[in-house]
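I set out to record what could be looked up in this structure. The entries below follow the order in which I worked.

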Amino acid sequence: HTSWPRSTEMTPGLSVSSRTRPIAGTGADNRAQARPSRCIWAGSLPEHTRSRSGRVREIGARHVSLCSSLGADWKSNNAYSAMKGQLEEDIRKMGFPSFATFRPSVLGGSRPDDERTLEEWAQRAMSWLPKSLRTIPAERVAAAMVQTAGREPEGMRVIPSNKIWDI
């Protein structure tokens, strides 16, 4: 594991937060080249993501990329989709000039520290579906998040799974 700075340390570079491991394509060299005004949140607990987003917005961050979920909607009857949708809405209200929320379908990849038998089965079963529903490698999502953070598109962008494949 690489040691990553906490969001509040805002050292020159890209601030990255991930619960389980560093995000692909955001090594030390990339952090040194990026401006500290771009943040990427993936795999963090919602309350931590809200808190971190508020802190970096207060110190002038201009962009946030959030890994959300297919079907995120704060009005959903599904608790997970509602939680992800509410998180998106809370960050949107913070007024970042540039906010990209990525809504992948099932994230693919191995999780050596976490056994998820049902998720592994779903990854294999969904591999034949259209891009909008197909399992998408976590590394592909991470690379799309980093690339989007580098461009800082104006306003809020919702990037569904089928579009993540194309970034």
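I began with burial: of the 167 residues of the protein chain, 43% count as buried, where buried means under 20% relative accessible area, exposed over 50% and partly exposed in between (1.4 Å probe, protein chains only). The model is predicted, so I noted its terms: local features need pLDDT of at least 70, side-chain atom pairs count only at pLDDT 80 or more, and totals for chains, interfaces and linings use all residues. Residues are numbered from 1 along each chain as its sequence is written, and side-chain values use heavy atoms, with hydrogens and water left out.

**Fold.** I counted six helices and seven strands in the protein chain; helices (H or I, at least four residues) and strands (E, at least two) are DSSP runs, numbered from the N terminus. Their order from the N terminus is β-α-β-α-β-α-β-β-α-β-α-β-α. I took contact to mean heavy atoms within 4.5 Å. Among contacts with a separation of 6 or more, 68% join residues 24 or more positions apart.

**Cores.** I next looked up nonpolar cores, that is, sets of buried Ala, Val, Leu, Ile, Met, Phe, Trp, Tyr and Cys residues joined through side-chain atoms within 4.5 Å. The largest has 13 residues, and Ile40, Phe102, Ile136, Val141, Met145, Ile159 and Ile164 have the most contacts inside it. Both β4 (98-103) and α5 (138-151) supply at least two residues of this core, and α5 gives the largest share, five residues. Another core, of nine residues, lies apart from it and includes Cys39, Ala61, Val64 and Phe99.

**Helix α5.** I found that α5 has 14 residues and reaches 20 Å from its first C-alpha to its last, close to the 20 Å expected at 1.5 Å a residue; the expected span is 1.5 Å times one less than the number of residues. Its buried residues include Val141, Ala142, Met145 and Ala149. Just after α5, Glu152 takes a positive phi of about 45°.

**Ser68.** Is Ser68 buried or exposed? I recorded Ser68 as buried because its relative accessibility is 5%. Ser68 is in the loop between β3 (63-67) and α3 (79-93). A polar contact of 2.6 Å joins its side chain to that of Glu88; the term covers a pair of N or O atoms within 3.5 Å, where within protein one must be able to donate a hydrogen and the other to accept it, and residues adjacent in sequence count only if both atoms are side-chain atoms.
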